[in-house]
Amino acid sequence: MPTLKTVVPLACLALLGVGPATASAQTAHLDARVRAFLADHQNQWRDMNVPAADGQTLYDLIIEHGFTRALEVGTSTGHSGIWIAWALSKTGGKLITIEIDEGRHREALANFEAAGLSEFIDARLANAHELVPALEGPFDFVFQDADKDWYARYFEFIYPKLAPAACYVAHNVSGPGARGQREFIAALEAKPDLTTEYTSGRRSGGMSVTCRAGER
Ligand SMILES: C[S@@+](CC[C@H](N)C(=O)[O-])C[C@H]1O[C@@H](n2cnc3c(N)ncnc32)[C@H](O)[C@@H]1O
């Protein structure tokens, strides 16, 4: 049985005043689906995934700034990707996320599908050492969460591809004194156009949130 949506063009629906109501019903439906997925899986993230508090921080940043062109380095099984893509579903954006491990990549694809977010995600199975330099950009939101000893190099590759007023977030960076992250933090702090804050707290993995002020 064809639905109203399949037989009446969207422009006609808008003229009939059906568009906004349909759009908000779709948003509410997606929100309910993502919330249910996250609730069902809240104790099942065991693949180095971010805690939910950090996922919420990523979500809030994207909504607050209206970011649309997102890149994640280190998908794992997709917990952070779900928070990022959920926010992008509201801003009209899309996420490219990169994972080197085939099993985790496959699991992430299944999780994105189950959460109803696949259309907002371009998940790549690749070595980020090779793919990141080859990506075109620009990106207005970056979440770096793969191999820590490459953080400084990822940043140097991505920095020229940052949009004006972009934010660049890195996980497991708990401040300027954090062990193993000195080179990365020095690279962030050497850029006069960027400002960095550090998140912390019992439920957070510790993140650096680096943003460039200005018009998008
Ligand atoms: C900390 S986990 C990512 C967690 C994920 N952001 C989440 O919260 O669900 C880091 C992931 O980066 C991946 N990784 C490590 N080195 C990589 C590389 N060179 N290219 C792509 N992915 C890599 C690992 O396989 C691992 O799954």
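## A loop with a cis bond

Let's start with proline 138, which sits in the loop between α7 and β4. Helices here are DSSP runs of H or I with at least four residues, strands are runs of E with at least two, and both are numbered from the N terminus. Glycine 137 and proline 138 are joined by a cis peptide bond, with omega at about -5°.

This is a predicted model, where local features need pLDDT of at least 70, side-chain atom pairs count only at pLDDT 80 or more, and totals for chains, interfaces and linings use all residues. Residues are numbered from 1 along each chain as its sequence is written.

## Two positive phi values

Most residues other than glycine have a negative phi, and most peptide bonds are trans. Serine 76 is not a glycine, yet its phi is positive, near 50°. You'll find serine 76 in the loop between β1 (69-73) and α5. It counts as buried because it has 24 C-beta neighbours inside 10 Å; the cut-off for buried is 20 or more other C-beta atoms within 10 Å, exposed is 12 or fewer, partly exposed is in between, and C-beta atoms are placed from the backbone.

Asparagine 172 also has a positive phi, about 60°, and lies in the loop between β5 and α9 (182-189). With 19 C-beta neighbours inside 10 Å, asparagine 172 counts as partly exposed.

Helix α4 covers residues 52-65. Its buried residues are Asp54, Gly55, Thr57, Leu58 and Ile62. They cover an arc of only 160° around the axis, so they end up on the same side of α4; that arc is taken from the directions from the helix axis to the C-beta atoms. On the face turned away from the buried side are the exposed residues Asp60 and Glu64.

The buried residues of α4 pack against several elements, including α5, β4 (139-144) and β5 (162-171). Contact here is C-beta atoms, placed from the backbone, within 7 Å. Just after α4, glycine 66 has a positive phi of about 70°.

## The nonpolar core

The largest nonpolar core has 44 residues, and Ile84 and Ala85 have the most contacts inside it. Such a core is a set of buried Ala, Val, Leu, Ile, Met, Phe, Trp, Tyr and Cys residues joined through C-beta atoms within 7 Å. Helix α5 (residues 79-91) gives the largest share of this core, seven residues. Leaving out residues up to four places away in sequence, isoleucine 84 touches Leu58, Ile62, Ala70, Glu72, Leu95 and Phe143.

Key:
Two residues are in contact if their C-beta atoms, placed from the backbone, lie within 7 Å. The expected span of a helix is 1.5 Å times one less than its number of residues.
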